[in-house]
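This report describes a protein chain and its ligand. It begins with the domains and then turns to the ligand site.

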Amino acid sequence: MSKYPHVVIVGAGFAGLGVAEQLAHVPVHVTLIDRHNYHTFQPLLYQVATSLLNAEDVGAPVRSIFRSQENVDFRLGTVTGINVPGRKIQLNDGEEISYDYLVLAGGATVNYFGTPGAAEHAFPLYTLMNAVRLRNQVMQRFEAAAGDPTVINDGALNFVVVGAGPTGVETAGALSDLFYNLLPNDYHQLATDKARIIIVEMGKEVLAQFKENLRVYARQELEDRGVELRLGEAVAEVGPTFVRLKSGEEIKTHTLIWAAGVQANPLAHLLGMPQGRGGRVKLNPDLSVPDHPEIFVVGDMGEVASEGKTLPQLGSVAMQSGEHVGRQIARRIAGEETQAFEYWDKGFMATIGRGSAVVEFPNQRTLHGPLAYFAWLGVHLALLNGTRNRIETLWNWGWSALTHDRAARIIIERDDETRSVTQSGADVAPPGSKQGDLGASS
Ligand SMILES: Cc1cc2nc3c(=O)[nH]c(=O)nc-3n(C[C@H](O)[C@H](O)[C@H](O)COP(=O)(O)OP(=O)(O)OC[C@H]3O[C@@H](n4cnc5c(N)ncnc54)[C@H](O)[C@@H]3O)c2cc1C
């Protein structure tokens, strides 16, 4: 046993990494636990799903991130229980780990709002496995249509995106680049122009959280890129080959991408403390849990607030809240009072497709078009973890910009292959199963 206080961090996302990195020079022993052995850069998952990036470009091995930080040990495992009075957590393999300080950084997961059929048939975009599975699905639908064009009439090339927030808009824009610029060169006999991308959004706007001029620009850009918009429409039911809208309209589709709602990771429920909207754990201003100064919650899982205002679930909030909690643990250990979290708003941005993006700065100024797109590329490249990932991503972006080609168009696992392996008893999950996504509902 280490002579230093033991800090257990659950989750190696932006928030968990922020905590661990802040503790580099603090006399603590850190155990960082994640169900994957890599950190996922979620903002670029849509580029994996649309073949622009390889899965490895947006995943960084956690052990390599902490190679030179000796007070951090990584443990691969899924946390399945929290014993608050006993100050222990349980892992899926039965091991119990004691802590002096516990930081929960499990992130968020998809929220289908109880929509019938969505959990069975929709494609969420939260994990690397989700992104690879969606990429497989997209490429498989084109192969199916190439083999038998009559499936186009059954909706094989209709791709429905639910939600017109940044994830939905970015995904739809990237699909448009793929379908209308690249795939026509690959499929000589297939009428690729029959592919449809349809965004279904309950609100009346796309990118509703952005300023009016950016919303108008984004809408026009999407329409120019062939994306159909169904605004003021909600999904009533999802089936394997259709989606039914609340208005009664039925759209034939084999691929419904769910980019509409989030809820806190189920770990928030395991903790057994009061939860707010979307299941986020209610917190003290210093981000500790009420009546438990030894437990903190950071990132998407917590109801992180600054100056009394609850903040959105964003990468910058996750990073800053994690770093803040790292500093608060250091203060506690030094016998000092903790401080309230204060968020530094750096603005927000989204792409709409190749050469097109919107940026809203904290001083209310806005930017859109190619300049905004280059700003978006620069920021995301800088935030990616690891030099290798940055170089590969830059290479893939550059190659795509010059040639309209995309690196990652291979189908890694076909439905029929997966089924036959699964039936033979091997430990392989079929597409849509929860393997690799333990602890999440996606
Ligand atoms: C598709 C997509 C696009 C996005 N785009 C943007 C963007 O452009 N800009 C922006 O600011 N934000 C964006 N976000 C939001 C941003 O990615 C999140 O706010 C941020 O990742 C939250 O960080 P986190 O550390 O709280 O959680 P996460 O990054 O989700 O990390 C949680 C970690 O906990 C692990 N974990 C979960 N449960 C368990 C368990 N039971 N046991 C062990 N480990 C567990 C997971 O494996 C994961 O590694 C996007 C999100 C998504 C999904």
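## Domains

In this predicted model, 6 residues of domain 1 are in contact with 6 residues of domain 2, where contact means heavy atoms within 4.5 Å. Domain 1 comprises 6-35 + 77-110 + 263-333, and domain 2 comprises 118-260 + 355-417; these bounds come from an automatic or database domain assignment. The C-alpha centres of domain 1 and domain 2 are 32 Å apart.

## Basis and confidence

Residues are numbered from 1 along each chain as its sequence is written, and side-chain values use heavy atoms, with hydrogens and water left out. Local features need pLDDT of at least 70, side-chain atom pairs count only at pLDDT 80 or more, and totals for chains, interfaces and linings use all residues.

The protein chain has a mean pLDDT (the predictor's confidence in each residue, from 0 to 100) of 91, with 93% of its residues at 70 or more. Over residues 417-442, however, the pLDDT is below 50, although this stretch has 45 contacts in the model beyond near neighbours in sequence. Where pLDDT is low, the predicted coordinates should not be read in detail.

## Ligand shell

The ligand is surrounded by 29 residues, the closest being D34, R35, Q42, D300 and G315; a residue is near if one of its heavy atoms lies within 4 Å. Domain 1 and domain 2 each contribute at least three residues to this shell.

## Polar contacts and burial

Polar contacts are pairs of N or O atoms within 3.5 Å. An oxygen atom of the ligand lies 2.9 Å from a polar backbone atom of A15. For Q42, an N or O atom in the side chain is 2.9 Å from an oxygen atom of the ligand. Taken alone, the ligand exposes 1,000 Å², of which the protein buries 91% (Shrake-Rupley method, 1.4 Å probe).

Note on methods: Polar contact = N/O pair within 3.5 Å; in protein donor to acceptor, adjacent residues only side chain to side chain.
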